[in-house]
Amino acid sequence: MSVYATKQRKVLLDFLKSHADEVFSADRICESLGSEDISLSAIYRNLSALEAAGKVQRVTKGGCRRVFYRYKAADECREHIHLSCEKCGKTFHMPLPATNRLIDNVKKNADFEIDRTETVLYGVCGECKKK
């Protein structure tokens, strides 16, 4: 699906690309883009179109009804499973060797193929465990 490129969509895409390993609610995106003259409703419309085009992934977190969005078209994200900390909200890549071992083990032991572009594992990061 082709996505019509408006000024607002370009601003939103540039923001998401520069924060490729983070997840944001539409409200937080709106706050971050406050000076860019883009309304919350325009953000929702554009996120929906970008999701349909496969550039943005809708993410939910356990125990939370809010919806978050992550830019998934970044080249560095394609091969990795994402890890998301439930305490601080940071999202980062699982190291590629560990990603490959996990995918291979699941395929071998459960006869199931994981879509690494859609997979986010939730838990607590090392920094938060130290606190």
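Is Lys107 buried, partly exposed or exposed? Lys107 has a relative accessible area of 45%, so it counts as partly exposed. The model is a predicted one, and the points below should be read with that in mind.

1. Lys107 and its partner. The side chain of Lys107 meets that of Glu113 in a salt bridge, with N and O 3.7 Å apart. Glu113 is exposed, because its relative accessible area is 60%, above the 50% cut-off. The structure holds four salt bridges, and the Lys107 pair is one of them.

2. Helix H4. This helix covers residues 96-110. Just after H4, Asp111 takes a positive phi of about 50°.

3. The loop from H4 to S5. Thr119 lies in this loop. Thr119 is buried, because its relative accessible area of 16% is under the 20% limit. A polar atom of the Thr119 side chain lies 2.7 Å from the backbone oxygen of Asp115. With neighbours within four places in sequence set aside, Thr119 is in contact with Ile81, His82 and Ile114.

4. Sheet order. Three strands form an open sheet in the order S4-S3-S5, and the pairing is mixed. S4 and S5 are at the edges, each with a single partner strand, so one side of each has no neighbour in the sheet. On average, neighbouring strands of this sheet are turned by 30° against each other, direction ignored.

5. Pairing of S3. On one side, S3 and S4 pair in the antiparallel sense over three bridges. His93 in S4 is the bridge partner of His82, and Phe92 in S4 stands opposite Leu83. S3 and S5 (residues 120-123) run parallel and are joined by four bridges. Gly123 in S5 is the bridge partner of Cys85.

6. Side chains of S3. Which residues of S3 point one way, and which the other? His82 and Ser84 point one way, Leu83 and Cys85 the other way, and all are buried.

7. Leu83. This residue is found in strand S3. Not counting residues up to four places away in sequence, Leu83 touches Lys90, Thr91, Phe92, Met94 and Leu121. Ala5 is 78 residues from Leu83 along the chain, and the C-alpha atoms of the two are separated by 31 Å.

8. The S3-S4 hairpin. Five residues sit between the two strands, and in this hairpin Gly89 takes a positive phi near 85°. Lys90 forms a salt bridge with Glu127, with 3.2 Å between the closest N and O atoms. This pair links distant parts of the chain, 37 residues apart: Lys90 is in the loop between S3 (82-85) and S4 (91-93), whereas Glu127 is in helix H5 (residues 126-130). Lys90 counts as partly exposed, because its relative accessibility is 41%.

9. Glu51 and Arg58. Where does Glu51 lie? Glu51 lies in helix H3, residues 40-52. The side chains of Glu51 and Arg58 meet in a salt bridge, 3.1 Å from N to O. Side chains of opposite charge can pair when their charged atoms come close. Relative accessibility is 27% for Glu51, so this residue counts as partly exposed. Arg58, at 43%, also counts as partly exposed. Leaving aside neighbours within four places in sequence, Glu51 is in contact with Val56 and Arg58.

10. Glu51 and Asn100. These two residues are 49 apart in sequence. In space, their C-alpha atoms are 26 Å apart.

Definitions and conventions:
Residues are numbered from 1 along each chain as its sequence is written. This is a predicted model: local features need pLDDT of at least 70, side-chain atom pairs count only at pLDDT 80 or more; totals for chains, interfaces and linings use all residues. Side-chain values use heavy atoms; hydrogens and water are left out. The expected span of a helix is 1.5 Å times one less than its number of residues. Buried means under 20% relative accessible area, exposed over 50%, partly exposed in between (1.4 Å probe, protein chains only). Two strands pair if DSSP finds at least two bridges between them. A polar contact is a pair of N or O atoms within 3.5 Å; within protein, one must be able to donate a hydrogen and the other to accept it, and residues adjacent in sequence count only if both atoms are side-chain atoms. Contact means heavy atoms within 4.5 Å. Axes are lines fitted to C-alpha atoms, for helices over the stretch in contact, and angles run from 0 to 180 degrees between N-to-C directions.
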